[in-house]
Amino acid sequence: MAEYSSTQSAILDVAQELVQTRGYNAFSFRDVAERVGIRSASIHHHYRTKGDLGLAMLARYRAGFNASLMDIDGQNADYHEALHAFSELFASTMGAGRMCLGGTLAVEFETLVPEMQEQVRGFFKDAEAWLEVLFAGAHKVGQLRRCESPAALAATFLATLEGVMMCVRALGDEGRLWTAVDQFKRQIE
């Protein structure tokens, strides 16, 4: 992961929180500066444009997410535990009153600079590739009875988690995530 100064980290932390709670197009450098306790011009010293800030934020988020996936791989040999741990990444984000950064930015995709769009695509590809390996392995050892296409299951499961986060935000009831996960598992196990 890239090294950031304490000021850069504070800027990225606040920007990420604002994107996950408000959206990318609903915050400005001034909003970030006020929260960090610096002048707006100081942010431009670290991130010339909002796109540069967004790109650094996404790269850091994606690296952290992938590190979490590696941790899950290292701690969970069992398919059920690994799928639960993956789902917990989304549940803990919701529990913090936030949305998945990848999902939030996917909603605003057309307004992002091309480099950010590529990072958003990369986030989804990384998550789906990890899930595809998980589902393929579970099918191979007989834990999944219905698994014609591990790639399709991966895409469907990720879309389920991203979509349920939107429903929880609009309707409340964080338990909806676990209801959706359990329903998904019942359909394939």
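A pocket here is an open set of grid points with protein on both sides within 12 Å along at least five of seven lines, and its lining residues have an atom within 4 Å of a point. The model is predicted.

**Exercise 1. The largest pocket**

Task: Find how many residues line the largest pocket, and which of them lie nearest its centre.

Solution: 
- Step 1. Start with the volume. The largest pocket has about 220 Å³.
- Step 2. Turn to the lining. It holds 13 residues. Nearest the centre lie Ala77, Tyr79, Val133, Leu134 and Gly137.
- Step 3. Look for the helices behind the lining. H5 (79-95) and H7 (114-140) each supply at least two of its residues. H7 gives the largest share, five residues.
- Step 4. Sort the lining by class. Eight residues are nonpolar, three are polar and two are charged.

**Exercise 2. H5 against H7**

Task: Decide how H5 and H7 are oriented to each other.

Solution: 
- Step 1. Take the axes. Those of H5 and H7 come within 10 Å and cross at roughly 160°.
- Step 2. Apply the cut-off. Angles over 145 degrees count as roughly antiparallel. H5 and H7 are therefore roughly antiparallel to each other.
- Step 3. The crossing of H5 with H7 is left-handed.
- Step 4. List the contact. H5 brings Tyr79, Ala82, Leu83 and Phe86. H7 brings Ala127, Trp130, Leu131, Leu134, Phe135 and Ala138.
- Step 5. Sort that contact by class. It has 10 nonpolar residues, no polar ones and no charged ones.

**Exercise 3. H4 against H7**

Task: Work out the orientation of H4 relative to H7.

Solution: 
- Step 1. The axes of H4 (residues 50-75) and H7 come within 9 Å and cross at roughly 10°.
- Step 2. Angles under 35 degrees count as roughly parallel. So H4 is roughly parallel to H7.
- Step 3. Find the residues that meet. From H4 they include Leu55, Leu58, Phe65 and Leu69. From H7 they include Met116, Val120, Phe123 and Trp130.
- Step 4. Sort the contact of H4 with H7 by class. It has 12 nonpolar, five polar and four charged residues.

**Exercise 4. H7 against H8**

Task: Decide how H7 and H8 lie to each other, and find the hand of their crossing.

Solution: 
- Step 1. The axes of H7 and H8 (residues 150-171) come within 8 Å and cross at roughly 125°.
- Step 2. Angles of 65 to 115 degrees count as roughly perpendicular and those over 145 as roughly antiparallel.
- Step 3. The crossing of H7 and H8 is right-handed.
- Step 4. Among the H7 residues that meet H8 are Phe124, Glu128, Leu131 and Phe135. Among their H8 partners are Leu153, Phe157, Leu158 and Glu162.
- Step 5. By class, the contact of H7 with H8 has 13 nonpolar, no polar and three charged residues.

**Exercise 5. Pro150**

Task: Which residues does Pro150 contact, leaving aside its neighbours within four places in sequence?

Solution: 
- Step 1. Pro150 is found in H8.
- Step 2. Pro150 is then in contact with Glu132, Phe135 and Ala136.
- Step 3. Check those names against H7. Glu132, Phe135 and Ala136 are in H7, among the residues that meet H8.
- Step 4. Compare with Thr49. Pro150 and Thr49 are 101 residues apart along the chain, and their C-alpha atoms are separated by 39 Å.

Notes:
Residues numbered from 1 in each chain as written. Predicted model: local features only at pLDDT ≥ 70, side-chain atom pairs only at ≥ 80, totals over all residues. Heavy atoms only, no water. 1 Å grid on protein atoms, 1.4 Å probe; cavity = no way out; pocket = protein on both sides within 12 Å on 5 of 7 lines; lining within 4 Å. Points joined across faces, edges and corners; volume = space filled by probe spheres on them. Helix = DSSP H or I, 4+ residues; strand = E, 2+ residues; numbered from the N terminus. Nonpolar A, V, L, I, M, F, W, Y, C, P; charged D, E, K, R; others polar. Axes fitted to C-alpha atoms, helices over the stretch in contact; angles between N-to-C directions. Left-handed = near helix turned anticlockwise from the far one by under 90°. Contact = heavy atoms within 4.5 Å.
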